[in-house]
Amino acid sequence: MADIPCDAADATVVAQDGAAFNAPQGIFIGGGFIYWAELDDNVVMRCALADIPCDAADATVVAEDATIDGPVGVLIDGGFAYWTESGDDAIMRCALADIPCDAADFEVVAQDGSQFNDPRGLLLLDGFIYWGERLGDAIRRCALADIPCDVADASYVAKDGSEFNGVTFLLFD
């Protein structure tokens, strides 16, 4: 891969507001919006691409509730917003039609106590949801038909502690 020279003069600020954005994670772009998880504020946000550069006035809440614990991965697909929670080792979702979502709108996609080790990157493909586990050094998947998925429903796609060290992103092309 060729080096792409990029310096501050080439970069465009997409979102910036020190008071409003707090440890943004898991960026996803789709449907005319940029989505991200606010790790420290335990909220999933979005901003219309037409509003770039986005500030606090342009950003809207996708999912917010005291039960969200450390969101880091975000995926939008099939009318749902999905996010991973590093604090309680879970993958959650809510319907985009319900935003702003709160706990009453949340659906557990995958959770099994400490069995899922810090899920991060998300991908939906051919009826399965895939995720990387930063602390589990693995990539797992679960059939969407099996939601809510626990460790008995999830299968390893790849696992080898010496080869996979902190999987955090998944991409399909």
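A residue counts as buried when its relative accessible area is under 20%. By that criterion, 38% of the 173 residues of the protein are buried in this predicted model. The secondary structure consists of twelve strands and zero helices, and two loop residues, D40 and A152, are described below.

**Overall architecture**
- From the N terminus on, the order of elements is β-β-β-β-β-β-β-β-β-β-β-β.
- Among contacts in the protein with a separation of 6 or more, 39% are between residues 24 or more positions apart.
- The protein exposes about 9,000 Å², of which 51% is supplied by carbon and sulfur atoms.

**D40, between β2 and β3**
- D40 lies in the loop that links β2 (33-38) to β3 (43-48).
- The relative accessibility of D40 is 49%, and D40 therefore counts as partly exposed, since the exposed class requires a value over 50%.
- Apart from neighbours within four places in sequence, D40 is in contact with N22 and A23.
- D40 and Q25 are separated by 15 residues in sequence, and their C-alpha atoms are 9.7 Å apart in space.

**A152, between β11 and β12**
- A152 is located in the loop between β11 (138-143) and β12 (155-159).
- A152 counts as exposed because its relative accessibility is 68%.
- C142 is ten residues from A152 along the chain, and 9.6 Å separates the C-alpha atoms of the two residues.

Note on methods:
Residues are numbered from 1 along each chain as its sequence is written. This is a predicted model: local features need pLDDT of at least 70, side-chain atom pairs count only at pLDDT 80 or more; totals for chains, interfaces and linings use all residues. Side-chain values use heavy atoms; hydrogens and water are left out. Helices (H or I, at least four residues) and strands (E, at least two) are DSSP runs, numbered from the N terminus. Buried means under 20% relative accessible area, exposed over 50%, partly exposed in between (1.4 Å probe, protein chains only). Contact means heavy atoms within 4.5 Å. Accessible areas come from the Shrake-Rupley method with a 1.4 Å probe; for residues, only the protein chains shown count as cover.
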